[in-house]
Amino acid sequence: MSPSLILIQLLSGLAHAMVLFLIASGLSLIFGVTRIVNFAHGSFYMLAAYLTYTLTATLPLGVAAFYVAVPLAAASVGLAGLGVEVVLLRRVYRAPELYQLLLTFALVLVIADGVKFFWGSENLTGPAAPGLAGSVPVAGQLFPTYDLALIALGPLVAAALWWLFYRTRWGVLIRAATQDREMVAVLGVDQARLFTSVFVLGSFLAGLGGALQVPRQALTNVMDTSIITEAFVVVVVGGMGSVPGALLAAVVIGVIDAFGVLVLPRASLVMMFVVMAVILIVRPWGLLGRPPAQPRTAGGAIVTASALRVPRPWMAAVVALLIVVPPVLPTFHVWVLVEILAFALFAASLHLLMGTGGMVSFGHAASFGLGAYGAALCVTWAKAPMLVALAAAPLAAAVCAALYGYFCVRLSSIYFAMLTLAFAQIAFAIVHQWYDVTGGDNGLLGIWPAPWLAGPLAYYYLALASCGGGIALLALVERAPFGLTLRAARDHAPRAETVGINIRLHQWLAFIVAGFFGGLAGGTFVFLKGSVFPDYLAVPMSVEPLVMVLLGGVQALAGAPVGAAVYKLLDTVATRYTDYWQLVLGAILILLVLVFPRGILGVVGDRRRA
Amino acid sequence: MPEPLLRVRDVRKAFGGVRAVDGVSFDLARGEIRALIGPNGAGKSTFFNILAGQLRADGGAVAYRGEQILGLAPYVIWRRGVSRTFQITATFATLSALENVRVARLSHTGDSRMLRRPADGLEVERSLALLEQVGLADQAVRPAGVLAYGDLKKLELAIALANDPELLLLDEPTAGMAPAERGALMALTASIARERTLTVLFTEHDMDVVFAIAGRIMVLHQGRVIADGAPDEVRADPEVQAVYLGEEAWTT
């Protein structure tokens, strides 16, 4: 590699780092003060990019249009942030973290479909920045002028933020709130206004990042999710709540990205997450963050109500129906039922973690996907018989869960979630880029059941046995002393430790069991579809079971299959009538979080008691 | 002289520049009920958290039945027979009172990872007996989250007794309770301790309680033990009086 090439790569890494810094600093700031992990941050970034595109085209200002459009778009997004904070987030500051996450995730879905609605799903090419359109020679190579301008702008923004934080009263309050929220509240500061202003500033920074990105890349519908994962990595690596940390981490990640593509093109996706995983393991609070004042274990206050039990006659009736009814159903419905069964087990396995254990995993797709790939690889490369491959699925997932779970259970709530996400993304990147073995994004095809199990009814009963049996086993686990102990550790970790419970060991075992059954669900699913793709390990696949568990009701294991059934039916029906399924799902989520936080079983249970 | 149950030597812990616990040493004999008192910020809770494993000490040694326990994880210390309660009641809110005790019992019998049987049928008698002993049998099926404060304190005591401990550490067992209830709870604690020949070390702000129960009192001030002796000796100690001067509690 020639020195000039290294310089060029370094510069382009720095240019990307500056955009990353804008977004990540806003995200970090919002987390530092409000403790909200704002998934919608990437959506604000995307929204600003599209707004800049439209404003530049419509403002009658000639060459100045772009330069007016950028601050205007960023300000509009800041304003949108104001609306979101006042109308939605303000209601959930006291709710368990999980509900806050789901609310911002719902916004991601709603904004994504909104962008699709207004701007369409074709890629759009943004305008060039007038006056900065060309390239300049740097060490004998051409480098985009605009990127140089970005590199210059980054430190200016950082300096402006520094001035804001260290030279204004508002900044002092923000720094104080980041360190000790309660104390600032006690001092008589109007917290509501502080939170709102921080959220607006954070959104504005995301908007600025998005607006400035327009000349650099085509506008797509997925730019929200691609940037948000990267921004999270930056925030976690830098230290959540630390703006200088965000700057440092943005430079590190930006440069690693730029050189990663050069040195190890096939591992470029995975590198960022490896960095995050290593940081989380070695220094969970990030490069420049501070350790939380009161470290917690992986568990958290997600479940605040006592466990809910579904009456036995109801269960027996459901099981009887599941056995008797399918032969009279149309084939399509039987296939839908199989899919529901697979997801019911997938959601139930997550319930063991988040409901019983209080450990919210953002990477449970890993178990599903690793199970699916485990089975598919057995079929493709070992020519294993179908039932052997199906049995391999949960084992593969459990072994992997044992490996990465060992590190995950060492972390507290949000860091636990982030590390599970990191490992799922690493698994995703590996299957996505290891073409020779996994087929990359072409996936693996032709993973069909044995002939005698290939008919809809035969496969249905196999799925009922594997998934229904899996759920029954999970029910036993949750009711056994092991499940009771997990609930105790979730309710009060220090107390559990002082009655002789090795919490990490229990949580690790729960992680492995959840991985096992998630893998079984993935194995059942792969033979239903006949193929496997990296999508099975992607973020949406981790979010679906989370939504299902909450939809059904997190206080009972039975909530998971109920939620899976309702979710999948809605999905099947809604996608038939509308292209905007994400919008529907987002609206459901918002309703769930704000109106029915205890899910379907919770509502039904309350009715019966009343 | 028989070997003490607990032998504490020169235990130290600093937070930044603040020496919260600054060289504490003492012996605790079997069957003793001893109070550890001192003004707010004297280092009592810090010291308790070090003993029970919640905090790591900067230095020193703690031998329990002749074995070092300093630096062990809280769950290991509990399994050796040292149990504790917390200043702010710590119970499992979504579990019933019975389940709260059952979790601890199952942990004690080594069954907390058992999978083959539902927990509901296990350790019922022993758990109920413990609830009975603290006077909570009629609350057995109610979730801890809805129990009255006084009942939570009793529940915590029942949980702490579940491993048949030899040494019981009580961190302000009556904090937050009405004065009338305090005496009753401590009388109950003392009678259980005598019945089971437990050794008890407790911190407490209510001097009525301290003098009614403790056979011996230690005074902690700025991380150091400044007095250690029978209640009357400690009461007469000029240094102790100076430390407590103006503190209302001492007027009893």
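Q: Why is A:K383 called exposed?
A: This is a predicted model, and the label comes from a count. A:K383 has 8 other C-beta atoms within 10 Å. Exposed requires 12 or fewer. So A:K383 is exposed, with its 8.

Q: Where is A:K383 found?
A: A:K383 is in the loop between α14 (365–382) and α15 (386–408) of chain A.

Q: What makes the phi of A:K383 worth a remark?
A: The phi is positive, about 50 degrees, although A:K383 is not a glycine.

Q: Is B:R65 buried, exposed or partly exposed, and how do you know that?
A: B:R65 has 16 other C-beta atoms within 10 Å. Buried needs 20 or more, and exposed needs 12 or fewer. The value 16 lies in between, so B:R65 is partly exposed.

Q: What is the phi of B:R65, and where does the residue lie?
A: Phi is near 50 degrees, a positive value in a residue other than glycine. B:R65 lies in the loop between β4 (59–64) and β5 (67–68) of chain B.

Q: How many residues of chain B are in contact with chain A, and what makes a pair count as a contact?
A: The C-beta atoms of the two residues must lie within 7 Å. By that rule, 34 residues of chain B are in contact with 25 residues of chain A.

Q: Which elements of chain B give two or more residues to this side?
A: They are α2 (74–80) and α3 (97–108) of chain B. The largest share, seven residues, comes from α3(B).

Q: What classes of residue make up the side of chain B that touches chain A?
A: That side has 19 nonpolar, seven polar and eight charged residues.

Note on methods: Residues numbered from 1 in each chain as written. Chains lettered and ligands numbered in written order. Predicted model: local features only at pLDDT ≥ 70, side-chain atom pairs only at ≥ 80, totals over all residues. Helix = DSSP H or I, 4+ residues; strand = E, 2+ residues; numbered from the N terminus. Nonpolar A, V, L, I, M, F, W, Y, C, P; charged D, E, K, R; others polar.
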